[in-house]
Amino acid sequence: MKAQLLTMSTPDGPFTIIARDGAVLASGWTALPGELTGQIHAELLPAEYEPVRDLGSISAAVAEFYAGNPAPATEVPVLQKSGPFRSHAWDMLRTVAPGSPVTYTEYAALSGNPKAVRAAASACAFNAAALFVPCHRVIRTDGTLGGFRWGLAIKESLLEREHELAPALK
């Protein structure tokens, strides 16, 4: 089956989404789909891509995020495949509240193994569905940003946007 491909304009630059059957396979702040396909598990990797103008609730969730409502993005179905810890860790990322980032240590504990800080960081690094699985909400223990596949300027922008919204979300 063909995957659908959409690039949207956002305040943080072009945001490309690869989706299949109403679920995100990969997404990120790039106009180049090839920068996303390497993160898709081989068993999920589509053979063909069909450019589309709209992905329904998926593209609506991105628009909502940038309009000040981050909740719909974490409700969009995502297809990622990995081992049990990483898969669970991705699910746990979706529970981190906007405007309330967690440290890598807190994220490891949230994922069920407080000593697995490196494994938790690895889950962030291998997350294919940026924004929908909000790995940007994980920071270093000292409060600095740490890494982000799409650049620290975008991570900072996302966190700042969510921080400004936090009082309204409570």
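Asn127 is buried, with a relative accessible area of 4%. That value falls under the 20% limit, so the residue counts as buried. The structure is a predicted model. Asn127 sits in the loop between helix H5 and strand S6. Leaving aside neighbours within four places in sequence, Asn127 is in contact with Gln39, Gln80, Trp90, Val133 and Cys135. Arg149 lies 22 residues away from Asn127 along the chain, and the C-alpha atoms of the two are separated by 9.3 Å.

One of the contacts of Asn127, Trp90, also takes part in the meeting of H3 with H5. Helix H3 spans residues 84-93, and helix H5 spans residues 117-125. The axes of the two helices come within 9 Å and cross at roughly 70°. H3 and H5 are therefore roughly perpendicular to each other. On the H3 side, the residues involved are Phe85, Arg86, Ala89, Trp90 and Leu93. Ala119, Ala120, Ser122, Ala123 and Cys124 meet them from H5. By class, this contact has eight nonpolar residues, one polar and one charged.

Burial within H5 involves several of these residues. Ala120, Ser122, Ala123 and Cys124 are buried in H5. The buried residues of H5 pack against H3, H4 and strand S6 (138-139). In an α-helix, residues three or four places apart point the same way, because there are 3.6 residues a turn.

The sheet is the next element. Four strands form an open sheet in the order S3-S2-S1-S4, with mixed pairing. S3 and strand S4 (49-51) stand at the edges, each with a single partner strand, so one side of each is left without a neighbour in the sheet. From one strand to the next, the twist averages 30°. Strands of a sheet pair through backbone hydrogen bonds, either parallel or antiparallel.

Both senses of pairing involve S1. Seven bridges join S1 to S2, and these strands run antiparallel. Two residues separate S1 and S2, which form a hairpin. Within this pair, Leu6 stands opposite Ile17 in S2, and Thr7 stands opposite Thr16 in S2. S1 and S4 pair in the parallel sense over three bridges. Here Gln4 stands opposite Glu50 in S4.

S2 also pairs with S3. Five bridges join strand S2 (residues 13-20) to S3, and the two run antiparallel. Ala26 in S3 is the bridge partner of Ile18. S2 and S3 form a hairpin with two residues between them. In its turn, Asp21 has a positive phi of about 55°. Strand S3 (residues 23-28) is mostly covered, and six of its six residues are buried. In a regular strand the side chains alternate between the two faces of the sheet.

Helix H2 lies across S1, S2 and S3 and runs at about 20° to S1. Ser59 lies in this helix, which covers residues 57-66. At 5% relative accessibility, Ser59 counts as buried. Not counting residues up to four places away in sequence, Ser59 touches Leu6, Met8 and Asp54. Leaving aside neighbours within four places in sequence, Val62 is in contact with Met8, Thr10, Phe15, Ile17, Leu131 and Phe132.

The largest nonpolar core has 47 residues. Those with the most contacts inside it are Ile17, Trp29, Ile58, Val62, Leu93, Tyr107 and Phe132. Strands S1 (3-10), S2 and S3 each supply at least two residues of this core. So do the helices H2, H3, H4 (104-110), H5 and H6 (152-169). The largest share, five residues, comes from H2.

Note on methods
Residues are numbered from 1 along each chain as its sequence is written. This is a predicted model: local features need pLDDT of at least 70, side-chain atom pairs count only at pLDDT 80 or more; totals for chains, interfaces and linings use all residues. Side-chain values use heavy atoms; hydrogens and water are left out. Buried means under 20% relative accessible area, exposed over 50%, partly exposed in between (1.4 Å probe, protein chains only). Contact means heavy atoms within 4.5 Å. Two strands pair if DSSP finds at least two bridges between them. A nonpolar core is a set of buried Ala, Val, Leu, Ile, Met, Phe, Trp, Tyr and Cys residues joined through side-chain atoms within 4.5 Å. Axes are lines fitted to C-alpha atoms, for helices over the stretch in contact, and angles run from 0 to 180 degrees between N-to-C directions. Angles under 35 degrees count as roughly parallel, over 145 as roughly antiparallel, 65 to 115 as roughly perpendicular and the rest as oblique. Ala, Val, Leu, Ile, Met, Phe, Trp, Tyr, Cys and Pro count as nonpolar, Asp, Glu, Lys and Arg as charged, and the others, Gly among them, as polar.
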